Amino acid sequence: MLYNIILVLIVLVCILLTIVVLLQPGQGGGLSGGLAGGMQGGAGLGARRTADLLSKSTSVLGGALLVLSLLANFAIDRGGASESAVQESGVEAPAQQQNNFDNSSQSPSAVPEMPQNQGGNNDAGGSGSDGGNN
């Protein structure tokens, strides 16, 4: 229940934040924007206050979105499960290995073994790809 309320607030803050960001004026046209801004004199004072209000509201809405997102993380209903998905699937933890150097009897090697020669002489012949006829 609490999670749904926070989720609705997050959606409203996102919509408001989008509107506020789209209402903000551009940063000006470089050098010509700076010169034209200086010629307006006192007439630009109202536009500056509006820009400051939009800038502050962007910061406040962004902070509210951050806080609401963190609160939503803690408000998620976990359904009473105290085990992780791996623990619920029944996968057992690997057994602790002792510190001996002879591990061949405990587990199979991760490196594949080379096939044994059974009557054929594969190493001495020149028929392989590394036979030396380049």
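Which residues make up the largest nonpolar core? Let's find them in the viewer, starting with some ground rules.

This is a predicted model, in which local features need pLDDT of at least 70 and side-chain atom pairs count only at pLDDT 80 or more, while totals for chains, interfaces and linings use all residues. Residues are numbered from 1 along each chain as its sequence is written, and side-chain values use heavy atoms, leaving out hydrogens and water.

**Whole chain.** Colour by pLDDT (the predictor's confidence in each residue, from 0 to 100). The protein chain averages 74, and 55% of the residues score at least 70. Switch to cartoon: you will see 4 helices and 0 strands (DSSP runs, H or I of at least four residues for helices and E of at least two for strands, numbered from the N terminus).

**Helices α1 and α2.** Select residues 2–23 for α1, the element with the highest mean pLDDT, 94. Then pick residues 31–39: helix α2 has the lowest, 53.

**The core.** Now show side chains for I6, I10, V13, L17, V20, L54, L61, L68, A72 and A75, the 10 residues of the largest nonpolar core (buried Ala, Val, Leu, Ile, Met, Phe, Trp, Tyr and Cys joined through side-chain atoms within 4.5 Å). Both α1 and α3 (45–75) supply at least two residues each. Buried here means under 20% relative accessible area, with a 1.4 Å probe and protein chains only; 8% of the 134 residues qualify.

**One residue up close.** Centre on V13, which touches L61, L65 and L68, leaving aside residues up to four places away in sequence. Contact means heavy atoms within 4.5 Å.

Note on methods:
Buried < 20%, exposed > 50% of the residue type's maximum accessible area, 1.4 Å probe, protein only.
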